Amino acid sequence: MSNVDLTSLNVAKFGGTSVANFASMQNCAKIIKDNSNTRVVVVSASAGVTNLLVDIAHTAMSKDQIKQKLAEIKTIQLAILNELTNPEVVADKLEQLLSSLAELALHEEINHRADLKDALLSHGERMSSLLFSQVLQQIGVNAENFDVRNVLKTDSQHGKAVPQLNEIETATQQIMKPSLTNTVFVTQGFIGADQQGNTTTLGRGGSDFTAALLAEALDAKTCEIWTDVIGVYTTDPRITDAARPLPELSFEEAAEMATFGAKVLHPATMEPALRKNIKVFVGSSREPEKGGTWIVRDCETEPAYRAITRRKEQVMVTVKTPKMMYAQGFLQKVFTIIAKHKLSVDLVTTSEISVAFTLDNPANSVVEQLNKATLDELREFCDVLVEDNYDLVTVVGNNMHSEAGVSNRIFNAVAEHNLRMICYGANPHNLSLLVNDEASSDVVCALHKALFE
């Protein structure tokens with residue numbers, strides 16, 4: 001593997017289910033060994049570990065409850081360690097990480113300090129990358145466990161840090177690139193470090209983003225995202241058995257799908273890939289022989305309908321005032337308040353006297369921000385109605401705003417369902433429908449049958 005052509009450099013990312021246990025890690029190790037161009041490997045935390053860490057970081061618990069969670073994490077990691085041929089090589093380092101984790105978890109400020117939460121959450125990836133590097137060593141790959149915080153520089157916004165692209169490129173070129181011809185770096189997704197060296201995180205699902213950022217900084221040709229599904233499907237296969245994997249997607253289509261609920265990719269992943277025209281592959285680490293989906297700048301075909309996504313837990317806010325008639329600045333006042341309270345608006349529709357918009361509300365997180373202060377400010381000049389229990393169903397495709405018959409086919413398919421909001425025409429790649437959460441599965445199935453079956 002020493003004769004590596006770095007013009008064909010590949011960065012591979014493996015998700016939590018792919019590194020869940022020793023057997024899964026062996027599958028991933030074989031994928032890496034079979035492709036000599038893979039020189040950087042990004043891993044998530046082993047399946048289950050991140051959820052346990054999030055519970056500790058965000059839920060008030062007794063010390064006994066915390067210790068129970070820590071014991072569950074330790075069990076997952078030791079099960080992998082104990083199957084290694086030479087566990088003693090990494091046993092001490094793993095024990096140090098487990099001790100460091102326990103110290104943070106039992107810190108009295110853990111639920112209140114974002115910096116401590118990020119430091120705690122980083123341990124999942126740090127442990128899985130340590131163990132996985134040794135799995136690779138066992139099969140003859142010259143792998144090195146690399147601390148991504150040396151190169152993945154971010155601002156100090158804990159929980160959702162913003163990558164500093166120029167600093168990342170400089171650091172990766174200086175620290176990583178010289179060794180890529182003879183070393184496979186196994187590193188962590190999701191985490192980074194600010195200018196002071198404090199650990200930060202990129203937000204849930206940020207490992208895909210990490211892989212794409214490193215691929216961009218290292219001028220990689222390809223970036224592989226290995227997960228537990230065979231590529232990107234026409235829709236979530238858990239909703240309908242008729243869903244099928246797609247051989248290709250454009251960057252724009254993939255970005256739309258990720259933004260509107262497809263769980264296979266992190267929404268930000270496409271940005272670095274698009275900037276450097278890096279081909280992205282999505283496949284199953286369990287069944288690599290079945291192929292997957294290639295995401296590229298220019299597809300061979302650009303159909304009107306490519307896929308259907310669903311994003312659950314949406315909130316709809318309607319602001320209304322007769323004073324809006326012919327009034328200048330109403331929209332500006334509304335969205336200035338929304339921005340001030342760090343709320344991110346997705347869809348917007350307007351009439352002469354009202355504006356309706358949607359907010360993503362995973363695990364009721366937005367309800368905390370859409371608080372009395374926000375509503376009071378809005379109610380100073382308009383009536384406000386907040387509704388929840390909605391899902392957003394989006395048809396993703398191409399030239400949807402200009403091709404005859406596209407919208408007609410979609411609306412005929414869902415004629416029996418109540419559509420609370422429709423957003424169409426602002427983007428050639430999507431048509432979005434806000435529907436009651438109880439009906440969203442039926443809406444997806446009806447659309448899939450009409451458009452793909």
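The model is a predicted one, so local features were kept only at pLDDT of at least 70 and side-chain atom pairs only at pLDDT 80 or more, while totals for chains, interfaces and linings use all residues. Residues are numbered from 1 along each chain as its sequence is written, and side-chain values rest on heavy atoms, with hydrogens and water left out.

To begin with the sheet, eight strands line up as β3-β4-β2-β1-β7-β9-β10-β8 in an open, mixed arrangement. Strands here are DSSP runs of E with at least two residues, helices are runs of H or I with at least four, and both are numbered from the N terminus; two strands count as paired if DSSP finds at least two bridges between them. The edges belong to β3 (143-145) and β8 (248-250), and each has a single partner strand, so one side of each is left without a neighbour in the sheet. From one strand to the next, the twist averages 20°, with axes taken as lines fitted to C-alpha atoms (for helices, over the stretch in contact) and angles running from 0 to 180 degrees between N-to-C directions. Strands β1 (residues 10-14) and β2 (residues 38-43) run parallel and are joined by five bridges; A12 sits opposite V41 of β2.

Two helices that pack on this sheet can be picked out. Helix α5 (residues 114-138) touches β2, β3 and β4 (184-188), and its direction makes about 160° with that of β4; contact means heavy atoms within 4.5 Å. Helix α7 (residues 206-217) touches β1, β2, β4 and β7 (222-227), at about 155° to the direction of β2.

Helix α5 also has a helical partner. It packs with α2 (residues 49-58) at an angle of about 165°, the axes lying 9 Å apart. The two are therefore roughly antiparallel, a label used for angles over 145 degrees. On the α2 side the contact involves V49, T50, L53, V54, I56, A57 and H58, which meet K117, L120, L121, G124 and E125 of α5. Sorted by class, that makes seven nonpolar, three polar and two charged residues, where Ala, Val, Leu, Ile, Met, Phe, Trp, Tyr, Cys and Pro count as nonpolar, Asp, Glu, Lys and Arg as charged, and the others, Gly among them, as polar.

Further along, β13 (residues 354-360) is mostly covered, with six of its seven residues buried; buried means under 20% relative accessible area, exposed over 50%, and partly exposed in between (1.4 Å probe, protein chains only). Strand β13 pairs in the antiparallel sense with β11 (residues 305-320) over seven bridges, and K320 stands opposite S354 of β13. The pairing of β12 with β13 is antiparallel as well, over four bridges, and includes V345 with L359 of β13 as its bridge partner. Three residues separate β12 from β13 in a hairpin.

Some backbone angles deserve a look too. Most residues other than glycine have a negative phi. K342, though, has a phi near 55° and is found in the loop between α10 (330-340) and β12 (345-350); at 69% relative accessibility, K342 counts as exposed. N399 likewise has a positive phi, about 50°, without being a glycine. N399 lies in the loop between β14 (383-397) and α13 (406-413) and, at 36% relative accessibility, counts as partly exposed.

Methods: Parallel < 35°, antiparallel > 145°, perpendicular 65-115°, else oblique.
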